[in-house]
Amino acid sequence: MTYYNQSLLGLPGPTVFYTALYLLALVVHWWFVSYILAGTVYLTATTFGRRLAPEDPRLTDPIRETLRDWMPFALSAAITAGVAPLLFLQVLYKRPFYTANLLLFHRWMAILPVLIVGFYLTYLLKARRADRWRSWPTSVIGLAACACFGFTGYSWSENHLLSLDAGRWQQIYASGMAWHRGPVILPRVALWFSLAWPGMASLLALQLFVMKAEFTPHRLARWPLAGLAAAVVASVWYIIADRIVRTVAMGSGASPWLFMFLLGVAVQIGAWIRLYKGHSLTKSLAAWAAAGFLLTALGIAGFRETIRVNGSHFRVLFDDHAQAARVGGFCVFLAFAGLNAVLIALCACVVRRGRNASP
Amino acid sequence: MSFPEYPINDYGPLMKGIVIGALGIFHVFIAQFAIGGGMLMCYFQWLAARGRCPPARRFLDGYFKVIVLVSFVVGALTGVGMWFTAIQISPRTIGMMVNEFHWVWATEWTFFCLEIVSGYAFYRCAARLTDVARMFLLVVYSLAAWFSLFWINGILSWQLTPGRWVETRDVWAGFFNPSFFPSLLYRTVTSITIASLAACVVINFTSGLGREERSTLVHRAAHFLAPMVFMPALGVWFLWSMPEDSRSWILGGSPALTLFLGLAIGASLLIGLYAMFGLLYQRLYINGATAALLVSLALVASAGGEFVREGARKPYSIREVLYSNSIAPQEVERMRLSGCTLNNAYAFRGDEGFPNPLLRTGSGVFRVLCSVCHTIDGINGLVHLAGPWSIDQRRMNIAKLQHTKTFMPPFAGSAWEVEAVAQWIGWNAAGRPETWPASAVDNETLHQIKQWLDEAGTMPGGTRSKLENLSSSP
């Protein structure tokens with residue numbers, strides 16, 4: 001295959017349909033994952049090696065406290081939101097995804113116990129009594145949580161890249177090695193990790209706005225700005241590191257996604273710079289930051305899929321997608337999705353009203 | 001449709017079915033605890049709001065914390081783990097399930113979202129909410145949790161009794177299959193029972209409660225054990241909804257399945273008797289240790305029941321559609337000619353040090369056809385099952401596999417591969433010596449094996465008419 005100009009929109013209808021659902025679900029999942037990934041690193045970094053005195057301002061810092069308080073819920077949300085892209089991933093890329101799972105075997109399955117440990121560590125990070133502990137236990141808990149989530153993220157990248165590398169499947173299977181290396185894996189992980197910072201900050205900004213929390217704006221803004229700068233560097237590294245990525249990036253199929261990515265980055269930079277310069281957090285600033293992040297995430301996710309659909313073994317899956325699209329149940333899904341969205345909104349209203357009414 | 005090849009991993013002495021079974025039991029138990037827990041909490045909230053049970057509110061908040069810490073963490077992740085494990089064990093089965101029911105799964109996912117939001121809303125804010133608001137969140141949580149059971153139950157029961165789906169391929173014909181309702185109701189009662197027993201444990205470990213308060217709470221929680229009286233009837237209904245051959249294995253045809261059924265019934269009976277006479281009739285107090293013991297018994301009952309449900313599907317992973325080894329019935333005939341290892345990219349794994357190519361082929365046949373349910377010499381090991389047989393016995397019993405044991409699928413390979421796996425079992429039973437005399441197969445032996453394969457046919461065994469036909473053949 002020498003041309004890498006296949007656009008996602010040029011694919012057959014069922015494939016486009018499932019890809020669109022997959023991308024939307026993935027972006028929502030990724031938003032919560034960003035909160036976990038960058039949030040845990042932030043919590044660990046701000047208290048690493050230091051025991052906080054009762055009067056330490058960090059104990060009342062709304063950024064740190066909000067992250068700490070919401071971390072377990074965010075992880076729950078990330079896992080629940082992750083079920084949807086995992087489902088559509090199986091509809092779209094059954095054979096490559098399953099094969100990568102099987103080849104990585106226990107290395108891949110290890111993400112489950114690791115995530116369970118990580119989940120409980122977020123509860124430990126949240127516990128009030130942790131403030132009274134000496135510095136090393138909290139540092140160890142923080143580092144361990146970072147390691148758990150970092151390992152999970154790395155494993156997903158490894159799995160994804162292996163699923164694209166059909167030419168090596170048999171060789172890896174015969175050798176019995178349960179891992180996959182390549183020139184793209186590190187820049188790819190670096191890119192996603194860099195983007196986790198604006199993702200975390202945009203979700204946090206929405207929370208802080210809703211909670212009407214008082215905080216120093218530039219202390220929040222510096223993290224996503226640093227993350228975006230790192231993301232630009234990592235994306236250049238990513239493109240340089242692999243010939244196929246480079247070729248796809250230069251083809252017409254990837255242009256709309258790269259444009260979306262760059263536009264999202266620009267919108268975010270604009271929003272965060274205003275906050276960094278001391279502008280207070282307004283509804284529109286929080287919304288711009290969030291919209292910018294979602295645009296960036298959708299752009300990079302779309303680019304990722306463009307690379308995948310330009311793979312030589314992708315076309316054989318079109319029939320599977322068409323067959324899946326003929327299966328019934330979509331209307332029932334839509335009806336219950338709508339009903340449950342209303343119930344979720346009602347839950348939020350009930351809680352809000354209860355909170356406002358309480359003294 | 002061509003046979004999709006996937007890498008096949010080696011689990012050593014551990015049977016693959018045990019791996020997925022163990023995780024499945026753990027996940028089902030925790031998930032059912034959360035489902036029944038929602039209903040139980042609605043009851044306690046109602047008691048608290050009406051002032052009928054003063055300590056109910058304190059218990060309620062403690063109980064919900066347990067649900068959040070156990071079910072929202074381990075339950076959620078083992079749920080995802082079930083998908084990953086199913087991929088490891090039988091990618092083709094889970095792939096087909098996703099293809100057919102992805103919208104059902106997507107619908108279930110919307111209920112997961114509702115469950116998480118309502119659950120965390122209660123967990124974080126219940127202390128500040130009115131009784132009406134608390135009840136609203138708990139009812140929403142309970143409904144969401146129960147509906148997640150409703151959806152997944154349809155998919156799981158379809159594997160055993162696909163019903164009219166086999167002819168129509170209509171998703172709802174498959175979803176509302178013959179075992180859907182008995183299975184759903186049985187699981188609902190099980191969920192309520194587990195929640196009630198877990199409540200007795202939590203009550204004993206909730207600090208600040210006096211003996212009188214604990215006693216009051218225990219007897220209120222015990223009301224949720226009363227639906228257990230319906231379990232025998234629901235169990236019988238479930239058994240009768242099964243295909244006849246599956247039922248016959250459970251009821252004596254397969255000693256292991258009968259044993260597991262006995263375990264499930266016995267453990268449930270012990271819980272039921274204690275609940276009816278001890279807790280409900282004599283109003284005995286139950287301490288933490290006894291409550292924990294009853295929860296353990298419930299886990300044993302669940303384990304037995306899940307093993308029976310999984311085992312009853314044999315020789316299929318999806319009845320009428322896919323055998324346990326992921327081969328479709330219509331593919332067997334073709335594989336009898338082409339073999340199962342020759343064109344399979346994942347039948348062999350590097351140089352495994354076999355004395356000759358025949359044994360290497362045998363190991364490939366084991367990997368492709370047998371390894372999903374058998375090990376070499378571990379749990380359900382072929383060396384233990386077929387090692388002591390003579391070579392001719394092995395040849396014939398493997399060639400006529402679906403009639404040797406009616407819960408086995410027909411052998412989906414060539415005569416040469418029957419010989420290869422028969423020799424390979426013998427070689428393993430002999431302690432894997434460095435040399436092995438049989439390296440080539442004479443035509444006469446191959447001809448005999450071919451004849452046995454033809455006699456066995458390519459259809460599954462187990463029905464009376466087929467067995468009769470076979471016995472009447474010369």
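## Helix packing and domain contact

In this predicted model, helices α8(A) and α9(A) are roughly perpendicular to each other. That class follows because angles from 65 to 115 degrees count as roughly perpendicular, and the axes of α8 (residues 217-241) and α9 (residues 243-250) of chain A cross at roughly 110°. The two axes come within 5 Å. Two packed helices are described by the angle between their axes and the distance between the axes.

On the α8(A) side, the contact is made by Y238(A), I239(A), I240(A) and A241(A). These meet V245(A), R246(A) and A249(A) of α9(A). By class, the contact of α8(A) with α9(A) holds six nonpolar residues, one charged residue and no polar ones.

Chain B is divided into two domains, domain 1 covering 16-322 and domain 2 covering 330-472. Over C-alpha atoms, the centres of these two domains of chain B are 40 Å apart. Domain 1 of chain B gives 10 residues to the contact, and domain 2 of chain B gives nine.

Which elements give two or more residues to the side of domain 1 of chain B that touches domain 2 of chain B? They are α1 (16-50) and α10 (244-253) of chain B. The largest share of that side, three residues, comes from α1(B).

The residue classes of this side of domain 1 of chain B are listed below.

| Class, side of domain 1 of chain B touching domain 2 of chain B | Residues |
|---|---|
| Nonpolar | four residues |
| Polar | three residues |

Technical notes. Residues are numbered from 1 along each chain as its sequence is written. Chains are lettered from A and ligands numbered from 1 in the order in which they are written. This is a predicted model: local features need pLDDT of at least 70, side-chain atom pairs count only at pLDDT 80 or more; totals for chains, interfaces and linings use all residues. Domain bounds come from an automatic or database domain assignment. Two residues are in contact if their C-beta atoms, placed from the backbone, lie within 7 Å. Helices (H or I, at least four residues) and strands (E, at least two) are DSSP runs, numbered from the N terminus. Ala, Val, Leu, Ile, Met, Phe, Trp, Tyr, Cys and Pro count as nonpolar, Asp, Glu, Lys and Arg as charged, and the others, Gly among them, as polar. Axes are lines fitted to C-alpha atoms, for helices over the stretch in contact, and angles run from 0 to 180 degrees between N-to-C directions. Angles under 35 degrees count as roughly parallel, over 145 as roughly antiparallel, 65 to 115 as roughly perpendicular and the rest as oblique.
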